[in-house]
2 protein chains.
Amino acid sequence: MKLTILGCHSATPRINTHPTSQVLYIRNHIFLIDCGEGTQVLLRKHKIKFSRIKHIFISHLHGDHYFGLVGLISTFRLLSRQADLHIYGPKGIKEVITLQMKLADSWTNYGLYFHELNSKQSELIFEDEKVEVRTIPLDHRIYTNGFLFKEKPAPRKLNANKVREADVDVAYYSKLKQGADVYNNDGQLVKNQDVTFPGPEPKSYAFCSDTGYDPAIIPIINKVDALYHESTFLQQHQRLAELTKHSTAIDAAKIAQAANAGKLILGHFSSRYEDVEDFRREAQTEFSDVELAESGKVFEI
Amino acid sequence: MKLTILGCHSATPRINTHPTSQVLYIRNHIFLIDCGEGTQVLLRKHKIKFSRIKHIFISHLHGDHYFGLVGLISTFRLLSRQADLHIYGPKGIKEVITLQMKLADSWTNYGLYFHELNSKQSELIFEDEKVEVRTIPLDHRIYTNGFLFKEKPAPRKLNANKVREADVDVAYYSKLKQGADVYNNDGQLVKNQDVTFPGPEPKSYAFCSDTGYDPAIIPIINKVDALYHESTFLQQHQRLAELTKHSTAIDAAKIAQAANAGKLILGHFSSRYEDVEDFRREAQTEFSDVELAESGKVFEI
């Protein structure tokens with residue numbers, strides 16, 4: 001799994017700070033998460049193939065998280081995209097995008113599917129044989145979801161020597177990869193763990209932005225390998241964080257600590273701060289493995 | 001009058017080519033004309049004071065001409081703008097902007113006024129003591145207007161020596177500046193032209209994008225000092241221009257020639273062309289004073 005940060009600042013886009021958007025490479029997917037104004041230019045800058053993006057997840061309908069979406073949809077049309085595009089986001093997202101298409105009299109020539117969300121409980125919103133995505137209900141000024149991306153367990157790998165010694169018919173190999181015990185050619189039971197290795201450990205990534213400090217998310221993201229958690233403010237503006245339902249770096253670190261996260265990535269920095277390293281310093285008082293999001297930065301998970 | 005080009009390419013924003021937006025300095029106004037995605041970042045880049053923009057003119061509701069508007073309105077709010085903002089654009093613009101504010105539960109704390117257009121005739125849409133703005137109905141795939149910006153005649157200037165010699169009372173000076181004849185202290189008529197100089201020549205600027213070749217606009221823009229006319233295509237794609245209701249460089253030049261324009265500025269270039277100088281070369285077969293729009297370029301009119 002690999003995460004590329006496109007934009008990670010709050011509120012207004014500026015020359016060198018971009019609103020939220022991220023690209024997650026997970027198994028054979030490229031997922032786009034949030035899509036602030038200018039995202040399509042950042043996708044080009046970081047040479048991410050437009051045609052491979054088939055699923056876009058929008059956390060909430062504040063402009064810095066989705067004002068770039070309609071332009072991206074429109075650009076896909078101009079590039080004669082064929083592949084379906086699925087948009088997951090709060091109720092209302094379909095109306096606002098389709099209204100803009102209607103006013104422009106410019107409808108997509110590819111399949112555009114909206115999956116509107118309104119549940120306040122975590123729910124499974126995407127699943128295939130390799131990956132699942134669940135919402136993480138967040139506590140913000142408007143209806144907002146984070147997203148938990150989880151790989152499914154990979155097939156076990158055959159131990160070629162042992163499987164041959166055990167005299168298992170080739171027909172049973174796929175059952176072995178799925179973790180089942182099988183009978184060999186002599187009718188004897190062969191224990192799966194004796195003839196296979198575990199597959200690669202499935203990884204998980206949680207995206208949590210925007211939100212106030214919200215311990216209710218801890219069980220949902222428990223033991224996540226990497227947690228992106230917004231930290232709009234430093235401790236000196238803690239009251240402002242509470243008022244606006246945003247988090248401080250320390251809030252984010254407390255969540256990471258309580259959820260046993262492997263790593264914490266901070267972002268959604270307010271542009272009032274000159275030195276984003278202060279976010280790391282404050283968070284590290286609560287949690288050790290802290291990284292800072294930065295446009296163009298790639299995290300291997 | 002001074003025109004700053006922010007973006008002047010068609011269709012999709014790229015790293016170094018930006019969709020349409022321009023800033024016109026006219027008398028004491030700063031007018032924003034069209035507002036493609038990323039316009040607010042270009043305004044910052046070119047150090048244009050956000051608070052001085054009080055009127056925004058949107059030609060039509062294709063995304064490359066207005067997808068940056070909602071973000072700009074939202075940024076004005078975040079910057080605690082106080083001044084009213086007036087938006088002039090096609091019917092529908094109010095609905096699409098207010099829907100996005102509603103979904104974000106983020107209303108402006110300044111006055112936001114929409115002036116929706118639906119006339120197919122040229123109409124006066126803004127006027128004060130120094131400037132007037134009229135629509136230029138264009139021929140595009142959806143309802144589209146260009147805009148004609150005209151300075152009103154400036155007051156005449158007093159010829160200080162002559163006015164003293166003629167013994168005109170100071171009370172009549174403002175009448176003289178307005179061009180009227182007046183009586184002097186001896187009751188004799190003083191001809192205005194004997195004691196005043198003409199004020200600076202009023203200037204005009206016409207913005208015409210997007211449009212197919214449309215001679216109907218010629219009388220509206222007759223003798224305009226500077227004409228920005230879209231030229232999406234070169235001659236080799238003339239058929240495509242007709243199909244999509246865009247213009248070639250030669251179409252634009254023919255309009256400039258027939259309208260006795262002072263200068264032609266070409267823009268809205270398709271990104272398919274490597275060398276935009278070809279647009280100038282083709283246009284100059286029909287009209288001599290041709291300039292090419294370019295992001296950041298400033299034209300004194």
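Tutor: Start with the term that the interface rests on: two residues are in contact if their C-beta atoms, placed from the backbone, lie within 7 Å. Keep in mind that this is a predicted model.

Student: How many residues of chain A are in contact with chain B?

Tutor: By that cut-off, 32 residues of chain A are in contact with 32 residues of chain B. Three elements of chain A give two or more residues each to this side: α1 (39-45), α3 (69-78) and α4 (93-104). The most comes from α4(A), with 6 residues. Sorted by class, the side of chain A that touches chain B has 13 nonpolar, 12 polar and 7 charged residues.

Student: How are two copies of a chain related in general?

Tutor: The relation is described by a rotation about an axis and a shift along it. In this model, chain A is superposed on chain B by a rotation of 180 degrees with 0.0 Å of shift along the axis, at an RMSD of 0.0 Å. The two copies are therefore related as by a two-fold rotation axis. In chain A, the C-alpha nearest the axis belongs to G38(A), at 3.0 Å from it.

Student: Through which surface do the copies meet?

Tutor: They meet through the same surface, because 100% of the interface residues of chain A are also interface residues in chain B.

Student: What should I note about chain A taken alone?

Tutor: Take its content, extent and burial in turn. Chain A has 10 helices and 18 strands. Its C-alpha trace spans about 70 × 55 × 35 Å along the principal axes. Of its 301 residues, 46% count as buried. Sequence separation is another thing to read: among contacts in chain A between residues at least 6 apart in sequence, 62% join residues at least 24 apart.

Student: Now the sheet. In what order do the strands of chain B lie?

Tutor: A sheet is read strand by strand across its pairings. In chain B, 7 strands form an open sheet in the order β7-β8-β9-β14-β15-β16-β17, with mixed pairing. The edge strands are β7 (124-127) and β17 (290-292) of chain B, each of which pairs on one side only. From one strand to the next, the twist averages 20 degrees.

Student: How many bridges join β7(B) to β8 of chain B?

Tutor: There are 3 bridges between β7(B) and β8 (residues 131-137) of chain B, and the two strands run antiparallel. To place the pair by residue, find L124(B), which stands opposite R134(B) in β8(B).

Definitions and conventions. Residues numbered from 1 in each chain as written. Chains lettered and ligands numbered in written order. Predicted model: local features only at pLDDT ≥ 70, side-chain atom pairs only at ≥ 80, totals over all residues. Pairing = 2+ DSSP bridges. Helix = DSSP H or I, 4+ residues; strand = E, 2+ residues; numbered from the N terminus. Axes fitted to C-alpha atoms, helices over the stretch in contact; angles between N-to-C directions. Buried ≥ 20, exposed ≤ 12 C-beta atoms within 10 Å, placed from the backbone. Nonpolar A, V, L, I, M, F, W, Y, C, P; charged D, E, K, R; others polar. Least-squares fit on C-alpha atoms with pLDDT ≥ 70 in both.
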